[in-house]
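Student: I've got a two-chain model to go through, and I'd like to know what stands behind each label. Can you take me through it?

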Amino acid sequence: MTSDSALSVSDLSIRFGGVVAVDHVTLDIPTGARLALIGPNGAGKTTFVNLLTGALRPSSGEIKIGGKDVTSLDTRARTKLGLSRTFQINTLFPKLTPFEAVCLAIAERDDLAGIWWRRLAGFREVRDEAEDLLRQLKLIEQSRIPTYELAYGKQRLLEIALALASKPRVLLLDEPAAGIPAGESREIFAVVDALPDDISVLFIEHDMQLVFRFAKRIVVLTAGTILAQGRPDEIKRDEHVRAAYLGGAHV
Amino acid sequence: MNRIRLSARQLLALEISFWVAFAACYVIFPDRLYLLTQILIAGLFAASLDIALGYAGILTLGHAVFFGLGAYGTGILAKSGWGEPISALPLAFIGCGIVGYGLSFLIVRAAELTQLMVTIAVVAIFEEIANQATGITGGSDGLQGILIWPIFNVFPFDLRGRTGFIYTYLIVLGLFLLVRRMLQSPYGLALQGIHDNRKRMQALGSPVGGRLRFAYAVSAAVAGVSGALLMQTTEFVGLDAFSIDRSAMVLIILVLGGAGRLYGGMVGAVVYMILRDLLADLSPEYWMFWIGLFLMFIVMVGSGGILGGLSRLVRVEKP
């Protein structure tokens with residue numbers, strides 16, 4: 001793989017009993033990518049993300065972050081190497097405020113979260129960075145109320161904020177706009193679109209309008225294997241994709 | 001429902017009033033200093049359990065292990081010639097902290113029911129050791145003839161319990177401030193995060209197991225000091241220090257006050273101990289029945305104990 005490959009997998013497979021959920025997938029995500037991973041339900045998209053983060057161990061294959069083999073490393077080590085994710089279903093801290101949650105994510109990133117003898121209030125840099133990030137994601141007005149009281153759309157933004165707080169080089173977004181009305185999902189993707197170019201983004205998304213608008217490259221996964229990959233216009237024209245996934249409909 | 005708003009400053013004022021009021025009891029109830037000292041010790045013990053249960057989410061019915069170790073350890077030390085009280089406390093703290101850290105490897109990774117089983121088993125083993133090692137522990141007669149030296153060699157532990165109360169009050173307050181600081185630190189936030197959503201903490205790269213083991217060790221250390229305080233103020237340790245009864249009582253006190261709230265243990269201890277004292281006076285034969293009835297009432301009225309109930313009326317503004 002080339003040196004500007006942010007994340008690459010080769011021949012990655014995972015079996016659950018008799019089912020092969022991800023089947024010999026080879027994929028390279030270059031630095032600065034805006035890659036959409038699409039495919040029908042049960043195609044193995046979320047399983048693939050779980051393999052990348054280390055939540056699941058592959059049956060075979062290899063995963064590299066920035067050229068470094070991380071296949072045997074755990075989630076923590078991969079996070080330290082710059083891999084970060086969001087969840088399809090909100091995986092937040094309901095009782096913490098967004099401000100506390102982002103401070104916590106930053107503290108874990110900087111290895112400050114083991115410090116028990118100093119008050120959090122004394123960590124000026126952490127607090128300032130958290131405020132900046134919350135401002136950037138338009139969460140600053142809600143930053144001091146408990147997360148469970150937040151509107152659903154704001155909770156989806158907080159999902160991304162927590163992932164961004166670890167300053168990732170590779171960001172994996174698992175249906176960032178899941179459950180959000182079409183009009184509001186643009187707000188979520190506007191945030192993704194505004195990310196700096198040195199962050200590589202892989203996102204799973206079902207809304208094809210969003211996919212074709214925000215992805216620079218699309219990978220189609222069906223039954224655990226890559227059916228096709230290419231630029232959005234190539235994928236739109238691809239006969240196999242139309243037949244297997246887009247159902248021949250106009251997109 | 002409109003909730004009463006409390007700023008962080010007002011909350012601090014409440015905390016200070018609590019401790020001032022407790023200190024004032026020294027003057028107001030000079031005849032009840034023994035009970036007040038017991039309340040402080042039970043409150044500290046319950047607060048130690050809260051670190052493990054309320055904050056780290058570790059189910060335990062064996063916290064008396066550390067209470068008993070602190071009590072017996074410092075008691076045996078005093079019997080063998082070192083009855084200086086203040087220096088015994090860091091020993092109890094560190095000793096129980098180390099034992100707690102060792103046990104945490106068994107307990108933190110286990111599933112909840114397994115945690116209960118392991119903690120009950122450990123406390124039963126220690127109780128039996130204390131029962132059998134008669135030469136060292138006095139067996140079922142308990143550790144008798146302990147002599148605690150005067151504090152700074154000036155203030156002896158008097159029969160009315162004045163020295164005992166002031167000494168216990170200061171130590172408990174000091175440890176409370178330490179625990180309070182810990183809960184306000186980045187580490188305290190990480191503990192809340194683990195309790196709130198372990199999956200996300202793992203995704204953030206948090207070493208969740210290590211964080212929980214440390215919490216269990218601190219919890220054990222503080223429990224050890226509370227045991228040592230009981231031994232020093234009563235100059236006696238019995239087998240009940242290691243009993244499952246004591247583990248269950250501290251759990252009841254914590255649940256009554258409200259787990260995961262720093263002051264839950266202390267409030268629970270105040271209510272439980274005073275109630276027990278009153279009921280034992282009013283109805284010496286049936287006080288356990290009334291206590292049971294009261295506890296059932298509290299649980300039925302609302303989850304989260306006394307402080308949990310109050311927190312639904314109050315909203316604390318976060319800085």
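**Labels and the values behind them**

Tutor: Start at the interface of chain A and chain B, where the rule finds 3 salt bridges. Keep in mind that this is a predicted model: local features need pLDDT of at least 70, side-chain atom pairs count only at pLDDT 80 or more, and totals for chains, interfaces and linings use all residues. Side-chain values use heavy atoms, with hydrogens and water left out.

Student: What makes Glu159(A) and Arg200(B) a salt bridge?

Tutor: The term asks for a side-chain nitrogen of Lys or Arg within 4 Å of a carboxyl oxygen of Asp or Glu. The closest N and O atoms of Glu159(A) and Arg200(B) are 2.3 Å apart, so the pair meets the rule.

Student: And why do Arg85(A) and Asp174(A) get that name?

Tutor: Their N to O distance is 3.8 Å, which is within the cut-off and therefore counts. This pair links distant parts of the chain, with Arg85(A) in strand 6 (residues 83-85) of chain A and Asp174(A) in strand 7 (residues 170-174) of chain A, 89 residues apart. Strands here are DSSP runs of E, at least two residues; helices are runs of H or I, at least four, and both are numbered from the N terminus. Over all chains, the salt bridge count comes to 20.

Student: How do you know how much area chain A and chain B bury?

Tutor: Buried area is the accessible area (1.4 Å probe) that two parts lose on being put together, summed over both. For chain A and chain B that is about 2,900 Å², 59% of it on carbon and sulfur atoms. On the chain A side, Phe93(A), Glu108(A) and Trp116(A) lose the most, together 23% of what that side buries.

Student: Which residues does Tyr148(A) touch, and what makes that a contact?

Tutor: Contact means heavy atoms within 4.5 Å. Leaving out residues up to four places away in sequence, Tyr148(A) touches Pro94(A), Lys95(A) and Gln155(A). Tyr148(A) sits in the loop between helix 4 (124-136) and helix 5 of chain A. Its C-alpha atom is 6.5 Å from that of Lys95(A), 53 residues away along the chain.

Student: Over in chain B, why is the contact of helix 4 with helix 7 put down as nonpolar?

Tutor: Helix 4 (residues 85-107) and helix 7 (residues 162-184) of chain B have axes that come within 12 Å and cross at roughly 35°. Helix 4 of chain B brings Pro85(B), Ile86(B), Leu89(B) and Phe93(B), and helix 7 of chain B brings Tyr167(B), Ile171(B), Leu175(B) and Leu178(B). Ala, Val, Leu, Ile, Met, Phe, Trp, Tyr, Cys and Pro count as nonpolar, so the tally is 8 nonpolar, no polar and no charged residues.

Definitions and conventions
Residues are numbered from 1 along each chain as its sequence is written. Chains are lettered from A and ligands numbered from 1 in the order in which they are written. Axes are lines fitted to C-alpha atoms, for helices over the stretch in contact, and angles run from 0 to 180 degrees between N-to-C directions.
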